[in-house]
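I opened the model to take notes on it. The entries follow in the order I looked things up.

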Amino acid sequence: MPELRLYNSLTRTVEAFEPADATTVRLYTCGPTVYNPAHLGNFRTFLFEDLLRRTLRMWGWTVEQVMNLTDVDDKIIKRAVERGISIGELTSPVVETFHADREYLRIQRAEHYPRATAYIGEMIELVKRLEANGVAYKAEDGSVYFAIAKFPAYGRLSRLDTREIRSGARVAQDDYAKENAQDFALWKAAKPEDEACGAAWDSPWGRGRPGWHLECSAMAMALLGETLDIHAGGVDLMFPHHEDEIAQSEAATGKPFARFWCHGEFLLTDGAKMAKRVGNVSSVADLREQGVSAAAFRHFVFSTHYRKQLNLSGAALEASVEAVRRVGDFAERLERERGGNDALAEAADALAVEATAALADDLNAPRAIGALFDFIHAANRAMDARGADQAALARARDAFHRINAVLDLVPDAGTDDEELAAWVESQLAERTAARSRRNFAAADAVRKALEEKGIAIEDSPSGTRWKKVR
Ligand code: AMP
Ligand code: ZN
């Protein structure tokens, strides 16, 4: 395998990556804030992390991944209070939706999905450590803050200018802009609304709740140790979230918190950060309804490098539906094929080399997809010429499966919708009957009806096969 190279936001250069212990990659990925279902922008970031995870495994390493679920923060409390329910009642169904959506998009399961509220004890311990090290203090408002002036490396990740840092001034909310690079809250004194929705715990500083940044530091260190191999998230998290995670963790341990920081760019709609619907799509539920498969959405996301902004559009999604249909047809043909030839073996070797080189080059998925389509083109031509070489065929299958294990671009052959399947089968029976009566107009009408529902059919000597294409 070539050296795997990743862009590290900390050094702003592409560097060779290897896990510190040479076998297991300790990967922390900031997860969703579970106050409403994640939108497709969030899933662009989670798909970038799935690409990273699968690439690390392709290189032969074990991946130990944590994705936290932020189930207590300002937004969650506000919404729970509005609805008159507890934060747990608000977040539990959203966590379920998150996993259903994740599975739909074939995002591999991480090893751990810790909920912040299950790690309050670890968070309190971390604040105590910071207090003991003289970098945390309790203010008049009853909350505990991190003193950024006591941590000289503050601002290194996001390249904050020292003039922008306002030590002594304080910011209490979870998310804030660079103009507010100030002492931030580690532990927030409980307000009546926190108590009302079950978002307050006992602590040495009185009743209160953790700040958002503290949650990630405590869970990352509890599950993966004090130095991570890779910490990933969307670009918006670099400041203040990741900057504050570094400050809290390193001021407590004196060790580097993460060796690599990897940030994925935004999914945009009309040139702005995704926040609203595009046409009729904004969530995974919408993709399902519109018949955009996991394979198609993965193709759409991976066709742009993860460090470039990506625009969501109906036309681009349509093009991806078309593209993965070709991948699916090819996968079926490769399975049916009985033998290969030299041209097929050559195409397979070119794919193996080029796709691996592309991923090694800072996860260049668009280049890997390009190599895959070149291979499909060349392999189809080679198979048209026929052959009986078993080794060549095996090489082609192996090369294809290896890259597809990372990109995962083959759409489901059939459908898991039983009702639809039953309807299609009844239509096909009708069509066969019409054809045996030589009523071709009736048979064509059935084909049209199926096409309108996004079902394509293919006649073969062994019978009629069908699949959902949209
Ligand atoms: P949140 O639930 O807001 O904490 O976000 C979860 C993840 O989604 C974080 O890694 C964010 O950086 C990422 N994210 C939020 N909005 C977008 C977007 N429009 N495009 C890509 N990633 C996003
Ligand atoms: Zn985080």
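Where is Arg159 found? I located Arg159 in the loop between strand E6 (144–146) and strand E7 (170–171). Helices (H or I, at least four residues) and strands (E, at least two) are DSSP runs, numbered from the N terminus.

Ground rules. This is a predicted model, in which local features need pLDDT of at least 70 and side-chain atom pairs count only at pLDDT 80 or more, while totals for chains, interfaces and linings use all residues. Residues are numbered from 1 along each chain as its sequence is written, chains are lettered from A and ligands numbered from 1 in the order in which they are written, and side-chain values use heavy atoms, with hydrogens and water left out.

Backbone entry. I read a phi near 55 degrees for Arg159, a positive value in a residue other than glycine. Most residues other than glycine have a negative phi, and most peptide bonds are trans. Arg159 is partly exposed at 34% relative accessibility. The classes are buried under 20% relative accessible area, exposed over 50%, and partly exposed in between (1.4 Å probe, protein chains only). Arg386 also has a positive phi, about 65 degrees. I found Arg386 in the loop between helix H12 (365–384) and H13. Its relative accessible area is 63%, so Arg386 is exposed. Next I noted a cis peptide bond joining Phe239 and Pro240, with omega about 0 degrees. Pro240 is in helix H7.

Helix entry. I checked H1 (residues 40–58) against H9 (residues 294–302): their axes come within 10 Å and cross at roughly 85 degrees. H1 is thus roughly perpendicular to H9, a class that covers 65 to 115 degrees (under 35 is roughly parallel, over 145 roughly antiparallel, the rest oblique). Axes are lines fitted to C-alpha atoms, for helices over the stretch in contact, and angles run from 0 to 180 degrees between N-to-C directions. Contact means heavy atoms within 4.5 Å. Residues making this contact include Leu47 and Leu51 of H1 and Phe297 and Val301 of H9.

Arg53 entry. Arg53 lies in helix H1. Buried or exposed, I asked, is Arg53? Arg53 counts as buried, at 3% relative accessibility. Beyond its neighbours within four places in sequence, Arg53 contacts Val63, Gln65, Gln108, Arg109, Ala110 and Glu111.

Overall entry. I counted 15 helices and 16 strands in the protein. Of its 470 residues, 53% are buried.
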